[in-house]
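Please work through each task before reading its solution.

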Amino acid sequence: MKLKQRVVLLAILLVIFIFTKVFLIDNLDTSAANREDQRAFHRMMASLRVELDPRLDHTLQSPWEIAAQWVVPREVYPEETPELGAVMHAMSTKKIIKADVGYKGTQLKALLILEGGQKVVFKPKRYARDYVVEGEPYAGYDRHNAEVAAFHLDRILGFRRAPLVVGRFVNLRTEIKPVATEQLLGTFMTVGNNTCFYGKCYYCRETEPACADGDIMEGSVTLWLPDVWPLQKHRHPWGRTYREGKLARWEYDESYCDAVKKTSPYDSGPRLLDIIDTAIFDYLIGNADRHHYESFQDDEGASMLILLDNAKSFGNPALDERSILAPLYQCCIIRVSTWNRLNSLKNGVLKSALKTAMSHDPISPVLSDPHLDALDQRLLSILATVKQCTDQFGPDVVLVEDRMTLSHL
């Protein structure tokens, strides 16, 4: 063989060797990541049911201190939380030492201080479980049970970006009125044999109070995030106008995502992928009302999008509001870890997992069966949307590897 031919042959073999090595390394990395996703999924499934138990094995004896320690820039609570049941038990049973009107907003809520100084947000029951909220996807009162269900869905999806929520029954006459501020107390009334209150908020009306069953009111309590983690509010890039006949740009411009990608903090870092995770989360729960969102302050786009205020969810199980998925189908990108988790939850696993996760809650059953069935159907729509993206652009473009190391030191 001539020297020139040998050189060409060696060059070809070298290229094949390098390509094979790179290909194998990439596949090994991908396989390792996928295996870790599977292990994380099985760990989550094994710890779905959280027993509300007052016992603490942690060196910190306060459940509030334990929960405060969990919070880091990229998650509200860690993957493994053996003390979760004790924290949620405290949220649902600790003595209420002060009650006030809720923080500013559009919907009725109360701010409670529990024994030990922990703040929680109480949202009262307004609808029966089988009530269907008609009209726009963001219509109706807040749903307290939606907050509970959304928290457990956050656990199941592996996001861990929603504050802790648990159901609670409170006696308005003996637990709330004796410790209520004058501002809150002034909104109490009796309707028939039921104690009611209407609070202070943008849409709070004396003619539309929330009423207990006698003195006992069902509701949800959401754990207030530690004050050392102040929040920053952002306008959601896919927010609605809430004006009849006036569309937001994303509703008519299919190339809108290209413009979003050029603006901070969506031009770098994890925030855009967080937006897409949140769109998937919101589509599953039927929440079309995330016009703003919160992150931790001064984070420069690095901290998570915190899944706060999920009560405008689970209103109508028959309504699948596809526009909620606009960030996904317009940007056509999704985290590999999110994609793997969604695939693990198909074939009825999601419904079963959420039902199991919520079964311990004091207000169980949290959701009606039609809402649970709707989750599985909506999951299929999400998977189909991603499939359309991969068919059009290829999986290498659509499936984005973005795993961030989380520290709990």
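Helices (H or I, at least four residues) and strands (E, at least two) are DSSP runs, numbered from the N terminus. The model is predicted, so local features need pLDDT of at least 70 and side-chain atom pairs count only at pLDDT 80 or more, while totals for chains, interfaces and linings use all residues. Residue numbers start from 1 along each chain as its sequence is written, and side-chain values use heavy atoms, leaving out hydrogens and water.

**Exercise 1.** Locate D142 and D309, and determine whether each is buried, partly exposed or exposed.

*Solution.* 
1. UniProt, in an unreviewed entry, gives D142 and D309 the feature "binding site"; such annotations may be inferred rather than shown by experiment.
2. D142 is found in the loop between β3 (118-124) and α4 (144-157), and D309 in the loop between β10 (292-296) and α9 (326-331).
3. Buried means under 20% relative accessible area, exposed over 50%, and partly exposed in between (1.4 Å probe, protein chains only).
4. At 11%, D142 is therefore buried; D309, at 40%, is partly exposed.

**Exercise 2.** Describe the open sheet of three strands.

*Solution.* 
1. Two strands pair if DSSP finds at least two bridges between them.
2. The order is β5-β6-β7, with antiparallel pairing.
3. β5 (188-191) and β7 (210-211) are the edge strands.
4. Four bridges join β5 to β6 (residues 194-197); F188 has F197 in β6 as its bridge partner.
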